[in-house]
Structure formats: C-alpha cells, structure tokens
Amino acid sequence: MKSRIIISATASAIAFVIFILPAFSRQTDGFNGFWEGHPYASLIISLLAVVPPLVLLNAVYNFYTAKAGKSLAKFIAALAASYLLAGAVSIARPAFEFMLTPESHLIGWLGMIASALYVSAVAAFSFIPFAILIAKGIFGKTKPLAKAGSAAVALLLLLTVLPLAIFIIKQLWWIILIAIGILALIGFISGNSPEGWTSQQAGNGNQASENAPIKTSLFGVPAAYKFKGDPYYYVKITDITGSSIARERVDMSKTYKIGDEYYYRYKG
C-alpha cells in the first residue's frame with residue numbers, strides 16, 4: 001500500500017510537471033516572483049523541487065511502526081522531509097499562483113486544469129502522512145516516545161498542509177464545488193437506483209448482531225432471512241407475493257447483500 005502511494009506521488013508530480021511546462025506562454029518573462037533572467041528555469045526548478053521531499057515523506061512517515069534503530073533513522077528522515085517540503089512549497093507558491101491563471105498557458109484552460117491537478121496532488125500526498133500521523137501515531141496504540149515523535153513531525157507538516165489548504169480554498173474553490181457536486185450526484189443516483197448500492201454485508205454495520213443470517217420464510221416464501229436479535233426480515237422484492245400491503249412495508253431505499261444476492265428490509 002505504502003509503495004503504491006510513493007509511486008503514485010512520484011508519477012503524478014512528474015507527469016503533471018512534464019505536461020504543464022510546455023504549455024506556459026512567454027508571460028513568464030514578466031511574472032513577479034521568479035529569478036530575474038531565468039523565469040522558465042525557475043518554474044522547472046520550483047515545481048520539481050517539491051517532488052523529492054514529498055516522496056521521501058511518504059516513504060518514512062510510518063516510523064512509529066518500525067523497530068528501534070530503524071525507527072530513529074526514519075524519524076530523522078521524516079523530520080528532514082517535512083522541513084524541506086515546507087520550504088519547497090513556500091518557494092513554489094509564486095509558481096502555483098502563476099500556473100492557476102488561464103492566461104499563463106498557451107493551451108488556456110487545459111493547462112490550468114493540469115496545473116490544478118498538480119497542486120491538488122501535492123496537497124493530497126502532503127495531507128495523507130499528516131492525517132495518518134495524527135490518527136495512528138498520536139492517538140493510536142503507540143508508545144509515548146513514538147507519540148511525541150509523531151506530534152513533532154505533524155507540527156512540521158502543518159507548515160505545509162495549512163498554507164496549501166488555505167491556498168486551495170482561495171484558488172481552487174471551484175474544484176471543491178465540483179467534487180461536492182459529483183458526490184451529491186453519486187448519492188442521488190445510488191438512492192434512486194433499482195438495485196441501489198450495497199449498504200452493508202450480512203451481519204455487519206447496522207445489523208443487531210454479528211451472527212450469520214438465519215434462513216426463514218415470510219408469507220410462505222422461503223427466500224427470507226433474519227438475524228438473531230434483529231426484528232426485521234430481509235427479502236427479495238420479487239419474492240413477496242402475499243399482497244400489495246406487503247410491498248408497501250418494504251424499505252426500497254437500500255439494498256442488503258447476503259451472500260451473492262441482494263435483499264430489501266421488510267418493516268412489517
């Protein structure tokens with residue numbers, strides 16, 4: 001899992017840089033914040049400089065799970081990566097602002113979208129170690145020394161995560177709205193689908209018991225299930241042939257997967 005995250009972080013950052021840079025127009029010559037006389041080179045350096053500490057951080061942030069000697073080495077590397085990442089992101093901030101202007105690209109909005117994806121990838125791969133360090137390193141079942149180390153790295157990471165979060169909210173609010181809209185659309189489609197999404201597995205989640213389902217019958221139909229301690233029946237809608245009243249008592253908003261088949265909850 002961790003190796004996939006590292007590979008994804010590296011590939012995403014490099015791919016976006018390679019795609020974005022050829023799309024820049026000569027407006028780089030007059031943009032404030034880059035090295036005088038070397039605007040295009042400074043774009044390349046500032047964007048690529050974010051990648052090494054980001055990749056290193058995602059490789060060593062789980063130092064609290066390693067053995068004593070290795071844990072110390074990874075902890076030092078995580079501190080260094082967090083510090084370097086904060087500096088790299090700070091230096092690249094003018095580049096981020098420039099990239100997120102449509103007029104800065106020869107390809108216009110296409111280049112801006114690629115730039116937004118790059119900034120979002122940097123933010124995501126910075127936030128993942130930060131969140132895991134808090135959830136598992138500080139509040140997880142770790143030793144006091146590991147908790148202290150996790151807190152130290154998390155505080156350093158806050159120097160990267162917080163500015164990026166504020167920057168994204170200000171500059172990329174439209175991506176947040178699009179993401180919310182997509183999630184809302186998915187929820188609407190799943191709620192109105194005949195099959196619906198699998199809301200839970202048998203004996204899991206909201207079930208009253210972790211026991212396996214007990215096969216029973218309802219209105220003479222054998223293909224019904226119950227759980228020990230659960231007052232509800234779980235039936236196929238096609239199997240309820242008793243009456244229209246029986247159909248009205250079926251909760252059609254969710255489906256429940258039992259084995260390889262999907263059932264509805266009977267509320268009667």
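At what angle do helix H3 and H4 pack, and how far apart are their axes? In this predicted model, helix H3 (residues 51-60) and H4 pack at an angle of about 150 degrees. Their axes lie 8 Å apart. Angles over 145 degrees count as roughly antiparallel, so H3 and H4 are roughly antiparallel to each other. H3 passes H4 in a left-handed crossing.

H4 also packs against H5. The angle between H4 and H5 is about 160 degrees, and their axes are 11 Å apart. H4 is therefore roughly antiparallel to H5. The crossing of H4 and H5 is left-handed.

A further helix pair is formed by H5 and H6. Helix H5 (residues 109-138) packs with H6 at an angle of about 150 degrees. The axes of H5 and H6 are 9 Å apart. This angle makes H5 roughly antiparallel to H6, because it exceeds the 145-degree cut-off. The crossing of H5 and H6 is left-handed. Nonpolar residues account for 19 of those in the contact of H5 with H6. Four polar residues and one charged residue complete this contact.

The structure holds one salt bridge. It joins the side chains of Arg 93 and Glu 97, with an N to O distance of 3.5 Å. In general, side chains of opposite charge can pair when their charged atoms come close. Both Arg 93 and Glu 97 lie in helix H4. They are four residues apart, or about one turn of the helix.

Empty space was examined next. Rolling a probe the size of a water molecule over the atoms shows where such space is left. The largest pocket holds about 290 Å³ of space. Its lining includes Phe 63, Tyr 64, Ala 66 and Lys 67. Ala 68, Ser 71, Leu 72 and Phe 75 also line the largest pocket. Lys 143, Leu 145, Ala 146 and Gly 149 are likewise part of the lining. By residue class, the lining of the largest pocket divides into eight nonpolar, two polar and two charged residues.

Helix H4 (68-99) and helix H6 (144-171) each supply at least two residues of the lining. The largest share, four residues, comes from H4.

Terms used:
Residues are numbered from 1 along each chain as its sequence is written. This is a predicted model: local features need pLDDT of at least 70, side-chain atom pairs count only at pLDDT 80 or more; totals for chains, interfaces and linings use all residues. Side-chain values use heavy atoms; hydrogens and water are left out. On a 1 Å grid over the protein atoms alone, a cavity is a set of points where a 1.4 Å probe fits but cannot get out, and a pocket is an open set with protein on both sides within 12 Å along at least five of seven lines; lining residues have an atom within 4 Å of a point. Grid points are joined across faces, edges and corners, and a volume is the space filled by probe spheres set on the points. Ala, Val, Leu, Ile, Met, Phe, Trp, Tyr, Cys and Pro count as nonpolar, Asp, Glu, Lys and Arg as charged, and the others, Gly among them, as polar. Axes are lines fitted to C-alpha atoms, for helices over the stretch in contact, and angles run from 0 to 180 degrees between N-to-C directions. Angles under 35 degrees count as roughly parallel, over 145 as roughly antiparallel, 65 to 115 as roughly perpendicular and the rest as oblique. A crossing is left-handed if the near helix is turned anticlockwise from the far one by less than a right angle, and right-handed if clockwise. A salt bridge is a side-chain nitrogen of Lys or Arg within 4 Å of a carboxyl oxygen of Asp or Glu.
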